[in-house]
Amino acid sequence: MVQPATVPCQYRTGKTLGSGTYAIVKEAVHIKTGKYYACKVINKKLMEGREYMVRNEIAVLKKISKGHRNIVTLHDYFETAHNLYLIFDLCTGGELFDRICAKGNYYEADAAELIRTILGAVKYLHDCEIPVDLKPENLIFRTKAEDADVMIADFGLSRIMDDNLLTEVCGTPGYMAPEIFKKTGHGKPVDIWAMGVITYFLLCGYTPFDRETQQQEMEAILAGDYKFEPAEYWANVSETAKDFVSSCLTIDPGSRPTAEEALQHGWLASKEPHYVPDPENPDGGMTDLLPHVKKHFDARKTFRKAVFSMVAIIRMSTLAHQHGLHVGGQNLSELLEESEKVRCTSTHSYFAL
């Protein structure tokens with residue numbers, strides 16, 4: 001078998017932007033052009049035996065890249081002896097919820113516009129037969145500019161994480177549809193459920209299934225147990241918006257609207273925005289939702305960060321023991337540290353800029 005020729009690395013990586021269970025995302029600059037990208041570094045030892053699944057996903061991502069302005073583009077892919085590298089758009093505008101909380105004001109019409117935009121990108125991906133695996137951390141802004149596009153990032157590759165180890169740790173329970181927990185098989189409808197959860201959050205600052213423990217949260221999701229409460233927080237939200245959320249949060253996935261049908265809902269399709277007039281505004285203008293949203297988002301973010309960090313540490317420790325997560329004599333943290341050390345010669349180069 002002829003081995004592919006090695007080629008010089010075209011990128012120089014910089015600071016680490018984030019890290020997960022099996023990968024690290026680093027800032028990268030293309031040496032010849034000086035253009036900056038986000039580089040996802042996947043440790044091959046953690047993916048051992050499943051590398052072909054990554055390559056299959058990459059073929060799909062390459063096919064749909066640049067097809068929609070609100071979807072992060074995969075520009076390049078290559079691998080070395082130790083790592084797989086995926087080169088994406090570098091989005092610097094911050095996560096969706098953080099961006100909202102930094103605004104001076106925020107209205108129901110703003111939430112509807114965001115959902116309309118995200119759902120349009122979801123429809124495009126669904127039309128390409130790609131489930132999105134929507135999570136709030138995957139919704140980011142391209143730049144810090146006021147009119148920057150909101151982007152779906154890091155989609156598709158979640159499907160390769162098909163064992164309990166990675167789905168347990170990487171999942172965001174509050175946004176998962178009931179069928180995911182039931183393990184009855186799932187597809188595009190899970191993204192519509194997630195849109196319902198995200199919309200609920202955008203309108204009040206907390207999730208519909210927010211509970212004190214992950215077990216209680218899962219039970220609430222399975223039962224579809226949510227309410228538009230406390231009533232005073234929802235008094236400023238239109239009934240049309242609530243109806244949109246309810247249509248998405250239908251337990252039976254077959255009864256949920258498709259992305260195209262959801263876009264035709266009155267809350268998104270109407271030419272006139274839906275809102276509850278501000279009682280303190282004599283002109284009947286829109287009510288600013290930001291005070292409630294920001295208050296609850298900040299409180300829950302602080303609480304959840306502390307709780308879920310500890311849960312993740314405990315779970316990682318337990319799962320590592322159960323699954324023997326010592327690959328080649330190394331533990332998980334050592335493997336991820338190894339991924340930080342970028343090799344300068346690639347063995348395969350699939351896509352050119």
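Reader: For which residues does pLDDT stay under 50 while the model has 29 contacts beyond four places in sequence?

Author: This is a predicted model, in which local features need pLDDT of at least 70 and side-chain atom pairs count only at pLDDT 80 or more, while totals for chains, interfaces and linings use all residues. Residues are numbered from 1 along each chain as its sequence is written, and side-chain values use heavy atoms, with hydrogens and water left out. With pLDDT being the predictor's confidence in each residue, from 0 to 100, and contact meaning heavy atoms within 4.5 Å, the stretch asked for is residues 302-329.

Reader: Which helix of the protein chain has the lowest confidence?

Author: Helices (H or I, at least four residues) and strands (E, at least two) are DSSP runs, numbered from the N terminus. Confidence is highest in helix H10 (residues 259-263), at 98. At the other end, with a mean of 33, is helix H4 (residues 164-170).

Reader: How are H3 and H6 oriented to each other, roughly parallel or roughly antiparallel?

Author: Axes are lines fitted to C-alpha atoms, for helices over the stretch in contact, and angles run from 0 to 180 degrees between N-to-C directions. Helix H3 (residues 108-127) and helix H6 (residues 189-204) have axes 10 Å apart and pack at an angle of about 165°. Angles under 35 degrees count as roughly parallel, over 145 as roughly antiparallel, 65 to 115 as roughly perpendicular and the rest as oblique. H3 is therefore, relative to H6, roughly antiparallel.

Reader: How many charged residues are in the contact of H3 with H6?

Author: From H3 the contact takes residues including Glu108, Ile115 and His126, and from H6 residues including Asp191, Met195 and Leu203. Ala, Val, Leu, Ile, Met, Phe, Trp, Tyr, Cys and Pro count as nonpolar, Asp, Glu, Lys and Arg as charged, and the others, Gly among them, as polar. Besides ten nonpolar and two polar residues, the number of charged ones is two.

Reader: Which residues in H9 meet H6?

Author: The axes of H6 and helix H9 (residues 239-248) come within 7 Å and cross at roughly 150°. Among the residues that H6 brings are Trp193, Gly196 and Tyr200. Those in H9 are Ala241, Phe244, Val245 and Cys248.

Reader: With which residue does glutamate 79 form a salt bridge?

Author: A salt bridge is a side-chain nitrogen of Lys or Arg within 4 Å of a carboxyl oxygen of Asp or Glu, and the whole structure has nine. Glutamate 79 lies in strand E5 (residues 74-79) and its partner in the loop between strand E4 (36-43) and helix H1 (51-64), so the pair ties together parts 35 residues apart in sequence. With the closest N and O atoms 2.8 Å apart, the partner is lysine 44.
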